[in-house]
Each structure stands twice: as C-alpha cells, then as structure tokens.
Amino acid sequence: MILLACSLSFMISIIDYQRMRSHTVESNVNQVNAIEDMVQQTLQTVEKVNYYYNDELAEQMRRASVQLIEKYEENPDFSTWDFQALKEKYHADIYIINQSNTIIYSSFLPDMGLNFNQCCKKIAKVLENRRKSGEFHHDGIDLEQKTGHVKKYSYMATKDKKYLIQLGVLLENKAVFQEFDFLKANHDLAQKYPSIEEINVLNIAGKPFGKTLSGKWLTAERREAFNEALTSGEKIELEGEKDQRQVIYRYVPYKSEYDYGTTQQKVIEIIYNQSVIESTLERNKQIFYIQLFIILTVTIMVAFVISKWMSRPMYLAFHDSLTGLKNRAAFDEMAREALDTHEKLALFMIDLDHFKTVNDCLGHDSGDQLLINVAKTINKTVDKKGEVYRYGGDEFLVVLYVSDREIVSNMAKQLLSAIQQAINETNSLAARHVTASIGISMRPEHGRDIQTLYKKADIALYQSKAKGKAQYQIFDQDMLCSTVE
C-alpha cells in the first residue's frame, strides 16, 4: 500500500510538473507543431502518389517472384544462381531469407548475413506470417537497412516454406519519387527554422530513411520513447543531448492511409533545441523537487498508518490461519478470475483418508501439524503451475492451469507420492492409517463454470475413495450413474 500510494503520488506530481513544463514551452512548441503538420502532409503526399503508381510496380514484382519460385523448383541450389544477372533482369535486388530469418544470398552484398530476429524483431514476426501464408505480399515505402535508401519490398515464400524470396526496388531513382522527395523537404525545413536540429522519418524497426548507419541510430532512452509512440499511437517527447547541446526529441506516430503491412506505421522524429526555455525549466524543476518531497513524506506517513491498521484483517479474510494457504473465500473470489483468464484448467479436490484417526488418537495438535505439513507439501509440489487452497477441514483444492490429461495425471501422481511422504514423516500412527484421495475435473471437458467443475471433482473424489482410497480419479460421465446407484 505504501508503494502504491508513493507511486500514485509520484505519478501525480510528475503529471503536475509536466503540465507546468508544457505551459512554459507552449510558445516554442506551437512552431514545432506546425512543422510536424508539414512533415506529415509531405509524407502523406508522397505515399498517395506512390499508391497510384504502386499497382503497376507491385504486379511487376509479383510476376518476378513467381518466376523466381519456379526457378527454385527447377534448381533449389541458390549457390548456382547468378544474382547479379537476376538483378539486371528484374530491375530489383533479390534476397533469399532462410527459416532463421537470415539473408543467406543476395544481389545486395552488404545485406548478406542480416538476421531479422536479432536486428528487427517486429519485422521478423511479419516475415514468419508471410512465410506461413505462402502468398505474395508487397509493402509501400520502406528503407534499405544498411544504407537508408528508399525502397519498395515484396515477399513470397517457396512452396516448401523453407525460404522467403524478397525483392527490393530502389524508389529514389524513380521520377515520381524525385518529384515528391520527402527527404529533401525535411532537410529544407530543418534549414529554414533555427530551432529545428533535424527531422527524420523512422520505420517500425527505428531505422531512419535516407541515412547510412554504422551502428544503432537510437539510444536506449530514445528507443523506449520511439516504441511507446509506435505502440500507443501518441506523441512522446524526451529531453536529451545532441552535439553537446540540450535538445528535445519528439516522436510522432504516423499511420499511412495508403500503405499496408510493415510500412503502414512509421514514426516522425523531430529534434529541436530548448536553449530559450532552459532557465525557466530549471526553476520549475526546483519547485517540483520541493513539492515532491513534501507530498511523498506526507503520503508515506499516512499510508504507513493505514496499511498497519488494515493489512492483518485483509490477510486473514483470504488466508487460512493454520496453514497459511488461501482459504475458501479466496477460492470463491479468485476462481472467477481464473476462469476469465484461463480457458483450460484442472480442478483437484484432495481429501485425507482417516484423518479423524489422528485427531482422536493423538489429539488436535498432531492433526494440525499434519495439516500444516501436507499443505506445505501440496504448495511446494504445485509451485507456480497453479493455486492451492484449504477449502475446509482436511480438504484441499488445487487449480492447475492446464487440461492435458497426461500432465494432469502426472501432477496427481506427484501429489499422492509427496503427500504420503509428508504423512509418513509426521508420525508413525498417521503413516499406518492416513492416505490421500484425489478427484479431478477439467475445463472445458467437464464444464465451464466453477460450480460444475467442483461438483464433478467431488464425484471423482467419491469414486477414488470407493475404489480403495490412496489414489486419484479423473471425472468420467459413467461416474454419474455409479454415484446414483
């Protein structure tokens, strides 16, 4: 509770500080907003023009891909292919991507050995889907990983799904691109406005169009902001340094109306300086630290008092005081959450046979110690595979988050063995008389709601005891008839 209260207070303070900061920089940001709109409009214009030009080019790439697939069927040994000759024939770079998403052959030699699983995990997932579909796919405006050159890519899997044949057509040489060159437009904007350091358009892997990279483009902080903008669809701003000057990195998500697949989403990176407002921000920061200290101090004191007052009753409401396991109330509450979260699960009903003998002969203290040992054993055996509850008396429930019969049976055997060992280690009388029986029902095979699963696990437990105890039974429809008899 203290941590939650501090977190909420800290978040509220951060939000308040950001509001004050935003008010300070509003005049500067208005200019950046206008530039942002211009960049988006330019990019949209380029994509719109390429969209209408796209059909003809995509069809050419599709025909080339089909011919290369046929070539592969005739000669699957890529080492014998003349990729430079094929490039000249189809006016496109050719890439062969294996099942590890690595380029193993290409007419574009700098990309040889490029592993998408390592460099571009978002793209790797898309490649896997395209490999499985076996259909022809083409993207809109994309970039060459190593050079930043603007290209259009297509993908088609071989019939055996072992390889993806990727084609890449350089768009920068096309007249339509040169007429609407968004790279030049962005450069001109950065030159025109003194507050703008740089403008870049990044693909979903965080690579900038038009730039040759020798290493990573984004630092860890910038990568985080970029990913947040890409996934949330909201603008993200980050303070940092560029050439030993304080700047702000703004990441603006962009979703194309004309591109699809991996090129539909991009992020516009605008880097602008903040020298004008730096001193004001510093004063605001000092005020923020003072307010944050006061708020956190008061919050910690209040939260500590409240948590001390409420924690013990809250714990006992959902936990068994003897064994420390979650109790019946917790099961009734959490079972609904488990059903909402897990489509498949198994419900184990565990009952100790002849447990009354221990209480009658050795006393309730010995019986309690046996229950404690059994509870610890069940909890340790199940571990993180499910949840364990003491439902009442000598009855325990286990919710296991699987419904595979073999796994369920193995878990039942482990539980029977572990429980018996715990009984044997407790005392000799218990070892001679007490065993465990288990009844099991599974979702969705035996029902979907907890009441039905509980009833059928109880029936299976009854059958387990009727057949001699010290065993487990998985519910079967025939048990309903035998129970009635």
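Which residues have the most contacts inside the largest nonpolar core? The legends below take up this point and others in a predicted model.

**Figure 1. Overview of the predicted chain.** The model is a prediction, with 15 helices and 15 strands in the chain. Of its 485 residues, 47% count as buried. Among contacts with a separation of 6 or more, 61% are between residues 24 or more positions apart. The mean pLDDT is 85, and 90% of the residues reach 70 or more. Confidence is highest in strand β15 (residues 472-474), at a mean of 95, and lowest in helix α15 (residues 478-484), at 67. Where pLDDT is low, the predicted coordinates should not be read in detail.

**Figure 2. The nonpolar cores.** L68, I94, F182 and I196 are the residues with the most contacts inside the largest nonpolar core, which has 44 residues. Helix α1 (residues 2-74) gives the most to this core, contributing 11 residues. Beyond its neighbours within four places in sequence, I196 is in contact with V32, I35, A190, I270, I271 and Y272.

**Figure 3. The open sheet of four strands.** The strand order is β7-β10-β9-β8, and the pairing is antiparallel. Strands β7 (196-202) and β8 (236-242) form the edges, each pairing on one side only. On average, neighbouring strands of this sheet are turned by 20° against each other, direction ignored. Seven bridges in the antiparallel sense connect β8 with β9 (residues 245-255). Among the paired residues, E239 has I248 of β9 as its bridge partner.

**Figure 4. Strand β5 and its partners.** All eight of the eight residues of β5 (residues 150-157) are buried. Both faces are covered, with V150, K152, S154 and M156 on one side and K151, Y153, Y155 and A157 on the other. Strand β3 (residues 137-138) runs antiparallel to β5 and is joined to it by two bridges; here H137 has Y155 as its bridge partner. Strand β4 (residues 142-143) also pairs with β5 in the antiparallel sense over two bridges, and L143 stands opposite V150. Between β5 and the antiparallel strand β6 (residues 164-170) there are seven bridges, with K151 opposite L170.

**Figure 5. Two hairpins that contain β5.** The hairpin of β4 and β5 has six residues between the strands, and G148 takes a positive phi near 80° there. In the hairpin of β5 and β6, six residues lie between the strands, and K161 in the turn has a positive phi of about 65°.

**Figure 6. The enclosed strand β11.** Strand β11 (residues 345-353) is largely enclosed by the rest of the structure, because nine of its nine residues are buried. One side carries L345, L347, M349, D351 and D353, the other A346, F348, I350 and L352, and all of these residues are buried. Strand β14 (residues 435-443) pairs with β11 in the antiparallel sense over nine bridges, and M349 stands opposite G439 of β14. Strand β13 (residues 395-400) also pairs with β11 in the antiparallel sense, over six bridges; F348 has V398 of β13 as its bridge partner.

Figure 7. Most residues other than glycine have a negative phi, and most peptide bonds are trans. The peptide bond that joins R443 and P444 is cis, with omega at about 10°; P444 is placed in the loop between β14 and α14 (450-466). H354, a residue other than glycine, has a positive phi near 60° and is found in the loop between β11 and α10 (355-362). H354 counts as partly exposed because its relative accessibility is 43%, a value between the limits of 20% for buried and 50% for exposed. D383 is not a glycine either, yet has a positive phi of about 55°. D383 has its place in the loop between α11 (364-382) and β12 (386-392). With 48% relative accessibility, D383 also counts as partly exposed.

Note on methods: Residues are numbered from 1 along each chain as its sequence is written. This is a predicted model: local features need pLDDT of at least 70, side-chain atom pairs count only at pLDDT 80 or more; totals for chains, interfaces and linings use all residues. Side-chain values use heavy atoms; hydrogens and water are left out. Two strands pair if DSSP finds at least two bridges between them. Axes are lines fitted to C-alpha atoms, for helices over the stretch in contact, and angles run from 0 to 180 degrees between N-to-C directions. A nonpolar core is a set of buried Ala, Val, Leu, Ile, Met, Phe, Trp, Tyr and Cys residues joined through side-chain atoms within 4.5 Å. Buried means under 20% relative accessible area, exposed over 50%, partly exposed in between (1.4 Å probe, protein chains only). Contact means heavy atoms within 4.5 Å. pLDDT is the predictor's confidence in each residue, from 0 to 100.
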